[in-house]
Amino acid sequence: MADVDVLGIVGAGFMGSGIAESAALAGKHVVVHEPEQAPLDRSRAGLERSVAKAVARGRLDEAGAAGVLDRVVYTTDIGGLRAADAVVEAIMEDPKVKGKLFQELDRLLPDARFLASNTSSIPIAEIAAWTQRPERVLGLHFFSPVPVMSLVEVVDAVDTGQEALDDACDFAASIGKHTIRTKDRSGFIVNMLLVPYLMSAIRMYEDGFATAEDIDEGMKRGCGHPMGPLTLCDFIGLDVMYAIGESLFEEFKRADFAPPPLLKRLVVSGHFGRKSGRGFYDYSGSRAAA
Ligand code: CAA
């Protein structure tokens, strides 16, 4: 069993950047790929901010911070991933786009220990089917914000091999994450439980049963959750929530997974939550906005 010293990441959004930060903090070298330069620049700036904050709070010294920044490189050239011992993909939730990417990664990295998807709900089998070596393909589902959340779901698809699963679990442990294993069903363990709860909160708000603030305060103060459900939806991204709800509904045909009409209306209007400045809350003033 070989260690993963160099991690490849495809996708420089919130999740990909968080995975890069966690891996670099644990001493790994990281190559982050995106076809466009702008998301790479944003990812780099985010890493610099996060590392500076860690130094200011005494969690990292100057040398440690410089090491983290040195260990992460960014490239628009997918060929740059050839240096990687394993790859984690964190791009848009579209099975065809992911499938084509995995086909390319499979060709590019014949010796990689594993090719993992960070998908929240797309069947890993559907992605693995695009490759010649489906035994190397599995899910590694991280939670947001990745540097803070210690969980990774390891998703074992029909053709995933034991060696790839063991290597992926070892890798996750080596960057300080706790792993739980799950079969390849949409939603895995956590979203299977979390999504019906979040969709119920949206329906409750849509029905005019309570205000967004009271729904959120109810779960924060009543159940000790760090964020109320509508704030959490805005944090995850309403477009992401919608895609996860659709995938779960398609898989199980159960109404509690289906995205409520209000969620669809917000998404088609470009209100994706915190990242777009408006979702259930308006982030210029933090008032209920939907
Ligand atoms: N990157 C790095 N560190 C971060 C961070 C980020 N993006 N966001 C917060 N932190 C760190 C802060 O630096 C701070 O660390 P220190 O105390 O050492 O300085 C710590 O986390 C706490 O942050 P804050 O004080 O700013 O704020 P907070 O106490 O309100 O915590 C939170 C913020 C950690 C996000 C907390 O609100 C929380 O746990 N929320 C729930 C998150 C959650 O449920 N995530 C799962 C989403 S579901 C998912 O991801 C799966 C899916 O498929 C949809």
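In which sense do strand S6 (residues 137-142) and S7 pair, and over how many bridges? The two strands pair in the antiparallel sense, over 4 bridges, where two strands are said to pair if DSSP finds at least two bridges between them. Helices (H or I, at least four residues) and strands (E, at least two) are DSSP runs, numbered from the N terminus.

The structure is a predicted model, in which local features need pLDDT of at least 70 and side-chain atom pairs count only at pLDDT 80 or more, while totals for chains, interfaces and linings use all residues. Residues are numbered from 1 along each chain as its sequence is written, and side-chain values use heavy atoms, with hydrogens and water left out.

Strands of a sheet pair through backbone hydrogen bonds, either parallel or antiparallel. On one side of S6, strand S5 (residues 115-117) runs parallel to S6 and is joined to it by 3 bridges, with Leu 115 standing opposite Val 137 in S6. In the antiparallel pairing of S6 and S7, Leu 140 stands opposite Val 154 in S7. S7 also pairs with strand S8 (residues 178-183), this time in the parallel sense and over 6 bridges, and Val 152 stands opposite Thr 179 in S8. Between S7 and S8 the chain passes through helix H6 (residues 162-174), and this β-α-β crossover is right-handed, which means that, with the strands pointing away from the viewer, the path from the first strand over the helix to the second runs clockwise.

How covered are these strands? Of the 6 residues of S6, 6 are buried, and of the 6 residues of strand S7 (residues 151-156), 5 are buried; buried means under 20% relative accessible area, exposed over 50%, and partly exposed in between (1.4 Å probe, protein chains only). In a regular strand the side chains alternate between the two faces of the sheet. In S6, Val 137, Gly 139 and His 141 point one way, whereas Leu 138, Leu 140 and Phe 142 point the other way, and all are buried.

Some loops deserve attention as well. Pro 134 is found in the loop between helix H5 (124-128) and S6, and it touches Ala 128, Asp 159 and Thr 160, not counting residues up to four places away in sequence. Phe 188, in the loop between S8 and H7, has a phi near 50°, a positive value in a residue other than glycine. Lys 253, in the loop between helix H10 (238-252) and helix H11 (261-268), also has a positive phi, of about 50°, although it is not a glycine. Phe 188 is buried, with a relative accessible area of 4%, whereas Lys 253 counts as exposed at 57% relative accessibility.

Finally, we turn to a pair of helices. The axes of helix H7 (residues 190-206) and helix H8 (residues 212-223) come within 9 Å and cross at roughly 145°. Tyr 197, Ala 201, Met 204 and Tyr 205 in H7 meet Ala 212, Ile 215 and Met 219 in H8. By class, this contact has 7 nonpolar, no polar and no charged residues, where Ala, Val, Leu, Ile, Met, Phe, Trp, Tyr, Cys and Pro count as nonpolar, Asp, Glu, Lys and Arg as charged, and the others, Gly among them, as polar.

Definitions and conventions
Axes are lines fitted to C-alpha atoms, for helices over the stretch in contact, and angles run from 0 to 180 degrees between N-to-C directions. Contact means heavy atoms within 4.5 Å.
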